[in-house]
Amino acid sequence: MTLTIYPAIDLKGGKCVRLRRGEMDQATVYADDPAAQAVAWRDAGFRWLHVVDLDGAFAGRPVNADAVVGILAAVDTPVQLGGGIRDMAGVESWIGAGVRRVILGSAAAKNPTLVLDACRTFPGRIAVGIDARDGYVATEGWAETSTMPAGELGLRFEDAGVTAIIYTDIGRDGMLSGLNLDQTVDLATKLTTPVIASGGVGSLDDLAALRRVAAGTRIEGVIVGRALYDGRVTPSAALALPGY
């Protein structure tokens, strides 16, 4: 099994940023041109791109659409997109625009019927984002924390046809402190749906540790953000790791 590394392109105000624990006032701008950044990640050899409209996640509607369209025009690398997609019209629009995989996060927690309908309409094109704070699902750009355990939300969509579950530990996101391996593995062993780990990668050691624990689970890949932008993890070294 080969794990996929998804370099993150998080959009705020039309720029590539990274947050700390999802706090919008803790944004660091890393690139002014998201399309150029997408080209750089493609040229580095990454097989997918993970794009999030951060402003859209808070607003509940697409905000950085122009930047996303620019990315889609610049590369033919598959893009998975989340942030502010709350209805079928949004799903249809982005898949029609060329997004390979639409991520439903807040909508999955609050409107599970949308996930079911989207999976039926666009098989293999819908992912669910589970963002957890202390093990409980957070929504609305992580501004709200529910009483639903992350595993419960994942199990809700076991038979829906979801192509992947993206599991993010909010407390570790952007902190370079390492993935929450225990919770990620726990979720992945409960599900038959592939799981993508997210939140906290800060070194090659973190990627190697994930590969070790992924054996025998449904862990399919990992999202890397700040560590790539800061140079703590270089694309060539990451892609050269055994199992990647």
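This is a predicted model: local features need pLDDT of at least 70, side-chain atom pairs count only at pLDDT 80 or more; totals for chains, interfaces and linings use all residues.

Trainee: Which residues of helix H6 are buried?

Mentor: In H6, which spans residues 112-121, they are Leu-114, Val-115, Ala-118 and Cys-119. Viewed down the axis of H6, the buried residues fall within an arc of 130°, so they line one face of the helix.

Trainee: And what covers the buried residues of H6?

Mentor: The cover includes helices H4 (88-97) and H5 (106-110), along with strands E6 (101-104) and E7 (126-133).

Trainee: What about the largest nonpolar core, which members touch the most others?

Mentor: That core has 68 residues, and Ile-9, Val-91, Leu-104, Leu-207 and Val-222 touch the most other members. Leaving aside neighbours within four places in sequence, Val-91 is in contact with Ile-85, Val-102, Leu-104, Ala-118, Phe-122 and Ile-126. There is also a second, separate core of nine residues, among them Ala-8, Ala-164, Ile-166 and Ile-196.

Trainee: Last one: where is Asp-134 found, and is Asp-134 buried or exposed?

Mentor: Asp-134 lies in the loop between E7 and strand E8 (136-139). Its relative accessibility is 71%, and exposed means over 50%, so Asp-134 counts as exposed. The phi of Asp-134 is near 55°, a positive value in a residue other than glycine.

Key: Residues are numbered from 1 along each chain as its sequence is written. Side-chain values use heavy atoms; hydrogens and water are left out. Buried means under 20% relative accessible area, exposed over 50%, partly exposed in between (1.4 Å probe, protein chains only). Helices (H or I, at least four residues) and strands (E, at least two) are DSSP runs, numbered from the N terminus. The arc is that of the directions from the helix axis to the C-beta atoms. Contact means heavy atoms within 4.5 Å. A nonpolar core is a set of buried Ala, Val, Leu, Ile, Met, Phe, Trp, Tyr and Cys residues joined through side-chain atoms within 4.5 Å.
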